[in-house]
Amino acid sequence: MKLAALIGILIVTLLFTLYTWPKLNKDQRKEKRAFIVLTVMAVFLAVTLLYFPKLPGPTELIDWIFRPLGKVLKM
């Protein structure tokens with residue numbers, strides 16, 4: 001079941017890339033790099049959440065980082 005979802009993620013990413021890449025001009029090197037980096041990060045996050053669905057979300061990370069500061073400010 002997870003293999004089918006993984007293949008689906010990769011197919012959607014491939015279709016998205018094939019649709020978007022030709023629209024970027026040859027002179028847009030920074031935009032192409034940013035596109036590649038963001039796409040790879042999104043695929044990594046999707047696959048990670050596919051295999052580890054109980055990972056904490058970004059709000060829990062922010063809470064973990066700023067909780068000590070909140071305790072200091074309440075004093």
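This is a predicted model: local features need pLDDT of at least 70, side-chain atom pairs count only at pLDDT 80 or more; totals for chains, interfaces and linings use all residues.
Let's start with confidence. The protein chain has a mean pLDDT of 91, and 99% of its residues reach 70 or more. Within the chain, helix α1 (residues 2-20) has the highest confidence, at 95, while α3 has the lowest, at a mean of 86.

Now to the helix itself. Helix α3 spans residues 58-74, 17 residues in total, and its first and last C-alpha atoms lie 23 Å apart, close to the 24 Å expected at 1.5 Å a residue. Along the way, α3 bends by about 45° at Phe66. A proline, Pro68, follows within four residues of that bend.

The structure holds one salt bridge, and you will find it here: the side chains of Asp63 and Arg67 meet at 2.3 Å, N to O. Both residues belong to helix α3 and sit four residues apart, about one turn of the helix. An α-helix has 3.6 residues a turn, so residues three or four places apart point the same way.

How accessible are Asp63, Arg67 and Ile62? The table gives the values.

| Residue | Relative accessibility | Class |
|---|---|---|
| Ile62 | 48% | partly exposed |
| Asp63 | 37% | partly exposed |
| Arg67 | 45% | partly exposed |

Ile62, also placed in helix α3, is one of the residues in a nonpolar patch on the surface.

Terms used:
Residues are numbered from 1 along each chain as its sequence is written. Side-chain values use heavy atoms; hydrogens and water are left out. Helices (H or I, at least four residues) and strands (E, at least two) are DSSP runs, numbered from the N terminus. The expected span of a helix is 1.5 Å times one less than its number of residues. The bend at a residue is the angle between axes fitted to the seven residues ending there and the seven starting there. Patches are made of residues with over 30% relative accessible area and no salt bridge: like charges are joined within 9 Å, nonpolar side chains (Val, Leu, Ile, Met, Phe, Trp, Tyr) within 5 Å. Accessible areas come from the Shrake-Rupley method with a 1.4 Å probe; for residues, only the protein chains shown count as cover. A salt bridge is a side-chain nitrogen of Lys or Arg within 4 Å of a carboxyl oxygen of Asp or Glu. Buried means under 20% relative accessible area, exposed over 50%, partly exposed in between (1.4 Å probe, protein chains only). pLDDT is the predictor's confidence in each residue, from 0 to 100.
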